[in-house]
Amino acid sequence: MNNIFLDTIHGKKTERPPVWFMRQAGRVLPNYRALKENYTFSELMEDPKLAAEVTWMPIYDLGVDAAILFSDILVVPEALGMSLKFTDAGPEFGAPLHTFDDPVAQLKRDMSKLDHVYGAIDKIIETRAEGKPLIGFCGGLLTTFCFMFRDNVRDITFKNATEFLYKNRKASEQIIDALAEVSIEYALTQVKHGVQAFQLFETYGGLIPEDLYLELFLPASKKILNAVRDAGVPTIYFPKDLGNGIKAIDKEVADFVGIDWRMSLQHARDIVDPEVGLQGNLDPRLLYASQPEIEKVLNEKYLPFGRDNQKWIFNLGHGILPDLPVENVKFVIDWVKSVDWGRK
């Protein structure tokens with residue numbers, strides 16, 4: 001398959017950077033909102049035909065260069081025996097791990113809980129938009145760990161998880177290992193069903209001190225990413241808010257690293273292994289601005305960087321916000337595809 005996203009992630013030169021957005025499959029799209037009037041999030045995710053439709057929606061409605069599997073990071077805890085419900089306020093576990101005297105004992109693998117994801121991938125591949133690749137993913141280990149301890153959907157401090165992490169180091173390491181083992185099998189099965197790139201989403205990479213993250217979570221994350229690469233699929237690691245800790249993500253960890261909006265792309269390029277590509281890092285909140293203001297930022301900050309850096313995927317510094325004007329999202333994508341990048 002000839003595709004600018006795949007060419008870039010495989011290290012080939014292209015006339016422009018590829019563009020896709022995290023959380024592009026839904027939220028901001030009118031067609032997705034229309035579906036949500038008739039189906040719950042769980043129904044959309046668990047029905048292969050609906051999941052395929054939502055996955056390909058951004059290709060047709062926005063014009064991005066790659067699709068990402070429509071699913072959720074918390075299906076992995078489900079495969080470890082946790083009961084998960086998606087509410088209008090957010091995901092809830094019936095019995096968060098902190099409610100048990102021995103949380104590790106509660107983790108009982110049931111990989112059949114992930115079968116609906118593989119069914120969705122099969123349908124996505126069957127209905128593939130011509131020339132467009134599919135990105136698979138799973139949640140980062142710290143992020144998933146945090147949600148497994150949360151009992152209040154409005155809690156963004158994840159107090160239960162961080163308290164447990166500091167009080168129960170050995171048990172925490174056992175939970176991390178269990179998550180990694182399931183994530184590896186999950187990722188490799190996604191590869192078998194046809195994903196052509198894979199991203200590890202670590203939304204809360206900055207929740208704990210950088211050195212603790214690198215000590216506790218990076219080694220297991222590396223195992224997941226290396227398992228995927230060994231299967232012949234390129235990888236992207238997005239440890240949001242890890243700061244200068246991203247310099248630890250070298251070629252032995254991942255092919256590309258996602259950069260959040262708090263760090264400039266040039267600083268990231270200066271500190272990250274030059275063999276590792278970058279992805280990001282437009283602040284999604286910029287898309288609330290007028291199109292002339294958006295274009296000014298794109299021309300001043302992103303055009304010069306993209307001219308000089310082939311190993312770069314244009315993306316946001318995190319996911320699309322649900323109330324962004326869809327015409328501004330489309331404007332940015334069209335700009336990336338139409339501007340003269342001046343690459344030689």
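These legends go with close-up views of one predicted model. Residues are numbered from 1 along each chain as its sequence is written, and side-chain values use heavy atoms, with hydrogens and water left out. Because the model is predicted, local features need pLDDT of at least 70 and side-chain atom pairs count only at pLDDT 80 or more, while totals for chains, interfaces and linings use all residues.

**View 1. An open sheet of 7 strands.** The strand order is β1-β4-β5-β6-β7-β8-β9, with parallel pairing. Strands (E, at least two residues) and helices (H or I, at least four) are DSSP runs, numbered from the N terminus. Two strands pair if DSSP finds at least two bridges between them. The edge strands are β1 (67–68) and β9 (312–316), and each pairs on one side only.

**View 2. Strand β1 beside strand β4, with helix α7.** β1 and β4 (residues 134–139) pair in the parallel sense over 2 bridges. Ala 67 stands opposite Leu 134 in β4. Helix α7 (residues 141–149) lies across β4 and β5 (197–202). The helix runs at about 50 degrees to β5. Axes are lines fitted to C-alpha atoms, for helices over the stretch in contact, and angles run from 0 to 180 degrees between N-to-C directions.

**View 3. The largest nonpolar core.** This core has 127 residues. A nonpolar core is a set of buried Ala, Val, Leu, Ile, Met, Phe, Trp, Tyr and Cys residues joined through side-chain atoms within 4.5 Å. Buried means under 20% relative accessible area, exposed over 50%, and partly exposed in between (1.4 Å probe, protein chains only). Phe 5, Trp 20, Met 148 and Phe 314 have the most contacts inside the core. Its largest share, 10 residues, comes from helix α9 (residues 169–193). In soluble globular proteins, nonpolar side chains tend to be buried together.

**View 4. The surroundings of Met 148.** Neighbours within four places in sequence are left aside here. Met 148 is in contact (heavy atoms within 4.5 Å) with residues including Pro 77, Leu 80, Met 82 and Phe 93. Ile 175 and Leu 179 are also among its contacts.

View 5. Cys 138 is buried, at 1% relative accessible area. Cys 146 is buried too, with a value of 1%.

View 6. A search of the whole structure finds 16 salt bridges. Each is a side-chain nitrogen of Lys or Arg within 4 Å of a carboxyl oxygen of Asp or Glu. Glu 185 bridges to Arg 109, with the closest N and O atoms 2.5 Å apart. Glu 185 sits in helix α9, and Arg 109 in the loop between β3 (91–93) and α6 (115–126), 76 residues apart. Glu 185 is partly exposed at 33% relative accessibility, and Arg 109 is partly exposed at 42%. Asp 255 and Arg 229 form another salt bridge, 3.2 Å from N to O. Asp 255 is buried, with a relative accessible area of 11%.

View 7. Glu 300 and Lys 296 meet in a salt bridge of 2.9 Å, N to O. They are 4 residues apart in helix α13 (residues 291–308), so about one helical turn separates them. Elsewhere, salt bridges that share partners join Lys 159, Glu 163 and Lys 167 into one network.
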